[in-house]
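Thanks for making time, everyone.

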Amino acid sequence: MVPAALVLVAGLSLQGCKAKLVGSLTVNGAPFVPTSCRSGQVTGFTGVDLIDASGNKVRLVATPSGQPAVYYIPAGSMVGMPIGMCGSFTVNRTNTRINNVYNVEGQVALACMSQGSQITGSVQFGNCH
């Protein structure tokens, strides 16, 4: 039998790892409200994937200019639609690491229009693993 104090500590530590997302985007006129996020380190880039409840992703790749390279990846697709480099973006690696992947935190403000696609809005994110 597991002591109640151990269960409480384990539960509180798991709550600390939950992604923190504030804000929303609009993708081609439709609301995009991220419900989870993923560190780009998992797939080999510096940045973050913002993911909505349907599994659609907005991928933000850090560049030296401070503007993110922005991609929209529909749910179930392996290929992203490049939107371009636009807006402002900060992403910072935290000291928290799980399975050798560092959590990231930061913020993005986008006003992007390219090749008939548009993404606007802002999001603050944290604990993205």
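**Contacts, fold and disulfides**

Let's start with contacts, meaning heavy atoms within 4.5 Å. Take the contacts in the chain with a separation of 6 or more: 39% of them are between residues 24 or more positions apart.

Some ground rules. This is a predicted model, where local features need pLDDT of at least 70, side-chain atom pairs count only at pLDDT 80 or more, and totals for chains, interfaces and linings use all residues. Residues are numbered from 1 along each chain as its sequence is written, and side-chain values use heavy atoms, with hydrogens and water left out.

Now the fold. The chain has one helix and ten strands. Both are DSSP runs numbered from the N terminus: helices are H or I with at least four residues, strands are E with at least two. The order from the N terminus is α-β-β-β-β-β-β-β-β-β-β.

Next, the surface. The chain exposes about 7500 Å². Carbon and sulfur atoms supply 56% of that area. Accessible areas come from Shrake-Rupley with a 1.4 Å probe, and for residues only the protein chains shown count as cover. There are 129 residues, and 34% of them count as buried. Buried means under 20% relative accessible area, exposed means over 50%, and partly exposed lies in between, with a 1.4 Å probe and protein chains only.

On to the cysteines. A disulfide is a covalent bond between the sulfur atoms of two cysteines. Here it is called when a pair of cysteine sulfur atoms lies within 2.5 Å. How many disulfides does this rule give? Two.

Take Cys-37 and Cys-128. Their sulfur atoms sit 2.0 Å apart. The angle about the S-S bond is -90 degrees, a left-handed link. This pair links distant parts of the chain: Cys-37 is in strand β3 (residues 34–39), Cys-128 is in strand β10 (residues 117–128), and they are 91 residues apart. Both Cys-37 and Cys-128 are buried.

Then Cys-86 and Cys-112. Here the sulfur atoms are 1.8 Å apart. The link is right-handed, with 90 degrees about the S-S bond. It also links distant parts of the chain, 26 residues apart: Cys-86 is in the loop between β7 (81–85) and β8 (88–98), and Cys-112 is in strand β9 (residues 101–114).

Why does Cys-86 count as buried? Because its relative accessibility is 10%. Cys-112 is buried too, with a relative accessible area of 1%.

Last point, the pairing. Number the bonded cysteines in sequence order, and the pattern reads 1-4, 2-3.
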